[in-house]
Amino acid sequence: MDIGKIMAIIFIYIFVENFVFNKFLGTCPFLGVSKKMETAVGMSMAVVFVMIIATLFTWLVHYYILVPFDLLYMQIVTFILIIAALVQLVETAMKKLSPVLYQGLGIFLPLITTNCAVLGAAILAINQEFSFVESLFYALAASVGFGLALIIMAGIRERMELVELPKALSGTVVTLVTAGILSLAFMGFQGMLKL
């Protein structure tokens, strides 16, 4: 295991190859859940948890079932089923084992099933040919990057509610302009590290 490569993966997928600002994955929850800081933090925690587990399970299924049995054409369908099943299992287990945590995450776990960032992380880990350990850190970094983008946007949107904006810029327009400016800010990390 190369520690330098792991550190590069963590930095690159949090800042440089951010799922929201660079890959445009997970933009629906990014725009929909970033209205309040509380919901953004809850969704971020849920995404970190599910993205790591889903990426690891899909990596195992890919290399130990799909590749040996020449079923690569079933990759997307299989990954979607795995993600949906994992979210259901996690939700059921949390409801029984930790009702407080289940209440805290609430609506966010079912929302993750439709989050394309989770499926994107699983597929991109395979496409990048990461090892199992590298996939773990990749999923961690990608989900933390997603959460960082969500929390930054929630903080900005909460402050924008205190500002009087022109009617033409209110609502979705100012949100998209803000997301574009944040994307440009994250582009400043381009070229710092390469894998």
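**Exercise 1: the pocket**

Task: list the residues that line the largest pocket, then sort them by element and class.

Solution. The lining consists of Lys-35, Arg-157, Met-160, Glu-161, Leu-165, Gly-171, Thr-172, Val-174 and Thr-175. On a 1 Å grid over the protein atoms alone, a pocket is an open set of points where a 1.4 Å probe fits, with protein on both sides within 12 Å along at least five of seven lines; lining residues have an atom within 4 Å of a point. Next, the elements: α8 (132-160) and α9 (172-186) each give two or more residues. The largest share, three residues, is from α9. Helices are DSSP runs (H or I, at least four residues), numbered from the N terminus. By class, the lining has three nonpolar, three polar and three charged residues. Here Ala, Val, Leu, Ile, Met, Phe, Trp, Tyr, Cys and Pro are nonpolar, Asp, Glu, Lys and Arg charged, and the others, Gly among them, polar. The model is predicted: local features need pLDDT of at least 70, side-chain atom pairs pLDDT 80 or more, while totals for chains, interfaces and linings use all residues. Residues are numbered from 1 along each chain as its sequence is written, and side-chain values use heavy atoms, without hydrogens and water.

**Exercise 2: a helix pair**

Task: at what angle do α3 and α7 pack?

Solution. Helix α3 (residues 37-66) packs on helix α7 (residues 116-127) at about 40 degrees, with axes 9 Å apart.

Note on methods
Axes fitted to C-alpha atoms, helices over the stretch in contact; angles between N-to-C directions.
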